[in-house]
Amino acid sequence: MRGPARIGQGLLTDPTRRIGFQFDGAALEGLAGDTLASALLANGRRLVGRSFKYHRPRGIVTAGSEEPCALVDVIGAAGREPNRLATTLPVSEGLVAVSQNRWPSLNLDVLSLNDLLGRFLPAGFYYKTFMAPGWAWERIYEPLIRRAAGLGKLEAIVGDHAAPAEIVHDHADVLVVGAGSAGLAAAEVLGSAGLRVLLAEQDVALGGGTLLDPRWSAWREETCRRLAALPAVRCLVRTAVLGAYGHGVFGALETLGPRESARFGGLRERLRIVRARRVLLACGAPERLIAFPGNDVPGVMLAGAALRFLRCYGVAAGRHPVLFVNNDEAYETALALADAGVRVAAVIDPRPIGLAAARAQAAGIGVLAGACVTRVFGRRGVRRVRVAAPGAADRIIDADALLISGGYTPATSLASQLGGRLEWQEGIAAFTADPPPAAGRSAGAARGLCGLATAAENGARAGRALAAELGCALPPLASGSAPPPDRNATPLVPLWEVRSPGKAFVDLQNDVTAEDVRLACREGYEHIEHMKRFTTCSMATDQGRIGGLVAGAVLAAALGKPLAEVGQVKPRPFAEPVPFAALAGGEVRGHYKPRRRLPLHEWHERSGATFVNTGLWLRPLVYSRASSWEPVLEEARAVRRSVGITDVSTLGKIDVQGPDAARFLDFIYANTFSTLAVGRARYGIMLREDGMLFDDGTTSRLGSSHFLLTTTTANSAAALEHLEFHLQAVCRDLDVVLTDVCDQWAQFAIAGPRAREVAAAVIPGLDLSNNAFPFMAVAEAKIAGISGRVFRISFSGELAYELAVPAAAAPTVWQAALEAGRPFAIRPYGLDALNTLRIEKGHVTTAELNGNTSADDLGFQRMLKKSGDFIGRTLAARPALTAPDRLQLVGVRPVDRAQRLRNGMQLVAPEARSSSLGYITSSTPSVELEGWVGLALLAGGRARIGTRLVGTSPIHAESTELEIVSPHMLDPENTRVRA
Amino acid sequence: MSAPETGIALAPCPADLVELVAFRERAGDLGQLAAERGVRLPGPGELVAGPEGLTLSVRPGRWLLLSRPVAAGESARRWAEASRGRCAVADLSSAVAAFLLRGPAVGEMLARACRLDLEPRAFPVGRAAATIMVQVPAILARLTPGMLLLTPATTALHLREWLVQASRPFGLALASDATVSELCKESST
């Protein structure tokens, strides 16, 4: 019997529940609790994929998230999702997985030809080849290389269900990362001290390394039981901490188990944003590989992974394995396999016989001391290995798996991200990093300690230290099973690479060999970060967790420097792949952004309005579903001929109160407000600090120290921020209170020649005659019995009254106005009609107040006050802002009245059509004037009034001769608004 | 009005809402005005229940008063008349929607949108804070009966829809109106 197989009971699998799944079209069976990797091994599969560049056959190398090779595409109802790790993907009924980066099949991959051409495809080959002809790179070479390289395929939007993921905010006194012996012991101490603890473990079960040693079962179970009884401790499994962001903020990705997923409607991932006062990093030390020729053949696996497959899933990585290790811890795999009945062919150890080797020999396992593996035979699976030892002839050993261990590399990513400095630890031949004391501590294997008992003791001590730092009384030591003692071990001897002919990989995911690293060094990429970017070593999903340090060691040897000096690649978030869906959380589709609804939204909807998004607002565009201009023109015509009513509640409204309110407004606005009488409104313009126009609107004086300021809809939030900033940072001596009252007041404009009659009917207590309530008058009044405010202001150019009432009363007042207007055939009008009316009249809006226009450009120069300071005063005086050739506001009309205008049409001289003189900002068919009318920004526009230009829209292939006219195309004397 | 034993109960909380803001030089005058009207002004980040209603502060020198709804603008008018210029008074009754969330899972549900630490030890009864939830401004205040949530009226439906969806996995009950009087009564017992 050869190859991997299930040989017993696993800690995490349920032998009574069989699960059917497919891999590359073959129907296979696993057990509940299996990962795809363990299930494939249980089915005797060693070959699971092809490599990134050389398309070499690849198998399963690890048993966790550090896996570089066993990436698969998962095909579900929503499509094909690439790059799922077989080593963490749980097997579920009906799972369909396919291998990646091969054609036509996994066994026979045409592009494995690349492997034979490998000497022509070293690291960075594409920087030096494919140089000519220049045009061919983008059109031929790059597409070909991209097609040949890569991993999975994305063929559909993944996770297209109602709530693909969610984001949860967590808070804790201490975040403990990792639930091995150190993390569990620390969490218990911290929880016993009364601290809020969040224990995050990326595995499906708590325990870490204790899951792999049956002697630790009792300790683990008792500790977990005590933790469960501590109310302030929360243990999260399947939760990987992805990054540390400073100020105690961490990101963690929780993958939901089946039950939790069903409860949350099929949710798959949950991004947790954790805020903690301290962190305890007990995230262990991943095992690392050894670089030697053939270290990527399917069947070559890390020894620790083989132990996990055996203990957790009852799966042997091979029935006749050879081990190649340089440390005593890895012998546990040989002993466990032998104990489970597997015939271990040999353990190859470059060291002399040590304590673990002696134990192995006592168990009947052959140990070849002082030897190294120099070659692996077999292409789609390990068949034999060649072993060399100084002074002895090479030996060929028959094997179906090669289990390797080059030592352990403490996980330093999070500590480094927190600012911890790397420290070289000679004893383990690796770097460690402690977070700064103010951020937390590291413990256990992450601190470079070996042995579960040592780690547990260290974790407990770190927990006590953190508890003391956080001002908690130290709890008594926990009673219960004493942890099993660590076995004495012979020190590790560093072994990074066995140099022998053939490809020796340091990064299996990116097909980077030790020779590639030396090439980078020869090419001058001597810094480890430069080497990374030249070779792509330590990139992609595994981030070089099992080979990054080996690559550093190869570089160090090439440079003739100690590895401690060369360092290791700086880790950045994310430590593991994160689906975009998890980052987006629940704020997608209908929840992508808030919708602001008008107080009368339901009325508008019932009345057949077509809505338009303006900022966050949903505004009625026109009360029709038709896409023609006719309904718009009917609404506008009603205003010009009789009366219309429109909802202008979206206007920004800011309540300004205080003894210095008038002084403040004089500073905010470019024109004067301190002279405004109570009961009157005034149009005002605001400038930015750079002198450009910022916003406009009317401001009313409701009392001697009480104003109501209105802004454009688009700028309402920015205007409030502008006011708050200047009040708090610039006008700190002024006693003024600003309150955003936009949502408080619903506001309607009743406009048209019959507006007075309609308004009078709903405001019986107010004399609306021209003498008593002239243009720009303001009053408080009962409106349809509701306390409100009346403003005689107009944006349409017609006689108009704006009625403001508390939003809750909006339906009552709106309905009363409609009733009052019925004799005059009152019509509600939407944003399109409002635009038609204001364009005819020459009123500007955000199309013209676009951030690039000055007061002079829009004809407001005379509004700038001559004395007193205001925002933008100095820079508005720049000659450039009043230069006669600037784009200035004008009106435009087609000479041929049957021609249409378009927003964005360029204005050109007939004799120089390639040179734009300006453009149309707003246009509409007119109800009062014949044909279309528009507003435009035109170079030296005012001087061109009365001339003709051409309006052209090349993308519509349209050209129209235009008259340049005054922007005030209708009633320039304002007789209508004062009627 | 009782809290559910499991899950979450969501109830609208109709109320008149008045904002009082002290003018810089007249903070003492506002304190005096409040005392005259039997209202205690809590410190920033706090909420108190009194006979007039609930009073909370999430910005220094500003207080929100929630009281039983009367005619539109009436509560604010009474305060404005009484203040005689001693402070700024603004009626926000229509500007803000109020909800009461009750039940053991409220904190867990709100953690899906709220960055604040709402664990009862960190955010006990009487604590109030302004925050952002699902891109919408919100004020949260813990009362004895549950969590009071205030949010701008025009985006309240957006937030409510989110609350309903987020509450479902925990078990959601849509409850009848929670009145300010009941909240005050339960908070003072």
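Two residues are taken to be in contact if their C-beta atoms, placed from the backbone, lie within 7 Å. This is a predicted model, in which local features need pLDDT of at least 70, side-chain atom pairs count only at pLDDT 80 or more, and totals for chains, interfaces and linings use all residues. Residues are numbered from 1 along each chain as its sequence is written, while chains are lettered from A and ligands numbered from 1 in the order in which they are written.

**View 1. Domains 3 and 4 of chain A.** Chain A is divided into domain 1 (5–116), domain 2 (165–285 + 410–469), domain 3 (593–650 + 743–841), domain 4 (652–740) and domain 5 (877–979); the bounds come from an automatic or database domain assignment. In chain A, 11 residues of domain 3 are in contact with nine residues of domain 4. The domain 3 side of this contact has eight nonpolar, three polar and no charged residues (nonpolar: Ala, Val, Leu, Ile, Met, Phe, Trp, Tyr, Cys and Pro; charged: Asp, Glu, Lys and Arg; polar: the others, Gly among them). Taken over C-alpha atoms, the centres of the two domains are separated by 24 Å.

**View 2. The contact of chain A with chain B.** Chain A and chain B give 32 residues each. Among the elements of chain A that supply two or more residues are strands S9 (165–177), S33 (652–657) and S37 (737–740); strands (E, at least two residues) and helices (H or I, at least four) are DSSP runs numbered from the N terminus. S9(A) gives the most, with six residues. By class, the chain A side comprises 12 nonpolar, nine polar and 11 charged residues.

View 3. Leu738(A) is found in strand S37 of chain A. Leu738(A) is buried, because 21 other C-beta atoms lie within 10 Å (20 or more are required, with C-beta atoms placed from the backbone). Beyond its neighbours within four places in sequence, Leu738(A) is in contact with Ile654(A), Val656(A), Leu723(A), Glu724(A) and Leu727(A).

**View 4. A parallel sheet in chain A.** Five strands form an open sheet in the order S15-S23-S17-S18-S19, with parallel pairing (strands pair if DSSP finds at least two bridges between them). Strands S15 (300–302) and S19 (367–369) of chain A stand at the edges, each with a single partner strand, so one side of each is left without a neighbour in the sheet. The twist averages 20° from one strand to the next; axes are lines fitted to C-alpha atoms, for helices over the stretch in contact, and angles run from 0 to 180 degrees between N-to-C directions.

Definitions and conventions:
A residue is buried if 20 or more other C-beta atoms lie within 10 Å of its own, exposed if 12 or fewer, and partly exposed in between; C-beta atoms are placed from the backbone.
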